[in-house]
Amino acid sequence: MHLPDLEVAKKRGQSANIYIDLKEDYTAKFKDKKYFLRTYGCQMNVHDSEALRNYLETLGFQNTENLEEANVIVLNTCAIRENAKDKVIGFLGKCKYLKKNRDDVKIVLAGCMSEQPDVVKEIMTNHQYVDIIIGTHNIQDLPKLLLKEFSKQVVEVYSNSDEVIENMHYKRDSKISAWVNIMYGCDKFCTYCIVPYTRGRERSRKLESIVNEVKELKKQGYKEVTLLGQNVNAYGKDINETFSHLLECVAKTNIERIRFVTSHPWNFTDEMIEVIAKYKNIMPYIHLPIQSGSNKILKKMNRRYTKEEYLELFRKMKAKIPGVAITTDIIVGFPGETEADFLETLEVVKKCEYDGAYTFIFSKREGTPAAKMPDDTPLSVKEERLQRLNELVNFYSNKNNQKLLNREVEVLILGDSEKDSKKVFGYTDTMKLVNVDGPKSIIGKIVKVKITEAKSFSLDGEYVEDIVNV
Ligand code: 5AD
Ligand code: SF4
């Protein structure tokens, strides 16, 4: 067994301190050992966990869902809001307790929290029982670190990496729908956001590598790929490429379904809209975070667009992409947000009638510009705004979902329904979750489903027939 060598494109002439040099078979060493992996946060982390899982299993570890029997516990963490960090710190308490009786357990802290210097300091001071702290730019160092014996806590974090890894290997969670990284990092520096600090500069993978990965996934039987980036529109800026060109090349692989997240409203080009409208296998679904409906707040957030520009883009998408569903992200209680600013946000939600929205109360992230902005709105007011916003958002998701009642829609069936084990579940082309009454044999297929019930967050339906491509 060899771990694959990685192709690491070194940008801006910096040297890479990344290597995989395992020429022996280590599966014997870890054969009876188990790993427990918990993922917090966004799709990027979910996909990184698939890489971590690959490393762990290549070394011989077996997966366990039971924390008590794990030899290695890996926490792939999120730093986007304070409550994400609180959850991890809470879970670490359990791990500490476990380690009291078992000195053969290794605890690994990976992900975005490891890229926050204040958090690393806290872990080094108060959580010495954490064995390894590894950053987002060097998860490929995990095997090396697990193979070595250390007498004290190891911190292996490279900040602001300029590297682009091309042939990362993954143990994917699904055999039907796959995540595909197209770029890393974010340069937008929205004033509230920690991501540019935890994930580094925007850097794109080579177009050819991405297309080859999609072709390979198609060959393996995958029906869907989701192209991942913090801001996919920025794809290619550093390598003289564009996202619209990439999207078109991926569409031409003829994989059945293509999705992408996340799009920034600032540089969403007309070419991108045209390509999405042109190819049937690019799904008519766009996640387009607005964050606020007040121009004053958008400026303070450094979002680079006005409410009017956003609404114009929204209108264009609806006009040019047949049946497109659009969802958004909204933050309430940003420093300086008044009731009048908030009402402007509600107005935009009414205009856009979103298919769905992820809504958050502003969370102060140390080191970001917004953390220093005066914020005198009480938490109770912010919570009340969130509730009013959610009521409106749910009203429109429900209204949009009701339009599908009694209609037949195409659903890619992904597995057993969590709600009812006799049912299966999947997503419509517009990314609506459907619990389907139908045979298990349709898992992995795109089928016609009749919608029998529509709620705010999901649909119920009955299997009608397979879709036969002619
Ligand atoms: N506080 C609250 N929400 C945040 N987000 C990002 N940073 C913060 C923060 N500091 C939200 C944004 C973003 C989504 C992924 O998380 O809405 O689009
Ligand atoms: Fe954060 Fe803004 Fe980048 Fe999105 S675009 S990851 S909100 S800095």
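Okay, let's start with helix 2, where the buried residues are Ala84, Lys85, Val88, Phe91, Leu92, Cys95, Leu98 and Lys99. They span an arc of only 130° around the axis, so they sit on the same side of helix 2. As a reminder, an α-helix has 3.6 residues a turn, so residues three or four places apart point the same way. Before I go on: this is a predicted model.

Now, what's on the other side of helix 2? There we have Lys94, Tyr97, Lys100 and Asn101, and these are exposed. Back on the buried side, the cover includes strand 2 (34–39), strand 4 (72–77), strand 5 (106–111) and helix 3 (117–126). As for length, helix 2 runs over residues 82–101, which is 20 residues. At 1.5 Å a residue that should span 28 Å, and the end C-alpha atoms are 30 Å apart, so the two agree.

Next up, helix 11. This one covers residues 339–352, 14 residues in total, and from its first C-alpha to its last it reaches 20 Å, close to the 20 Å expected at 1.5 Å a residue. Which residues of helix 11 are buried? They are Asp341, Phe342, Thr345, Leu346, Val348, Val349 and Cys352. Their arc around the axis is only 155°, so again we're looking at residues on the same side of helix 11. Their packing partners are helix 9 (295–300), helix 10 (307–320), strand 15 (325–332) and helix 12 (379–402). And just after helix 11 comes glutamate 353, with a positive phi of about 45°.

On to the ligands. Around ligand 1 you'll find Ile80, Arg81, Tyr192, Gln291, Asp329, Ile331, Phe360, Ile361, Phe362, Ser363 and Arg365. In the side chain of arginine 81, an N or O atom is 3.0 Å from an oxygen of ligand 1. For the side chain of glutamine 291, the distance from an N or O atom to a ligand 1 oxygen is 2.7 Å.

Conventions
Residues numbered from 1 in each chain as written. Chains lettered and ligands numbered in written order. Predicted model: local features only at pLDDT ≥ 70, side-chain atom pairs only at ≥ 80, totals over all residues. Heavy atoms only, no water. Helix = DSSP H or I, 4+ residues; strand = E, 2+ residues; numbered from the N terminus. Expected span 1.5 Å × (residues − 1). Buried < 20%, exposed > 50% of the residue type's maximum accessible area, 1.4 Å probe, protein only. Arc of directions from axis to C-beta. Contact = heavy atoms within 4.5 Å. Near = heavy atom within 4 Å. Polar contact = N/O pair within 3.5 Å; in protein donor to acceptor, adjacent residues only side chain to side chain.
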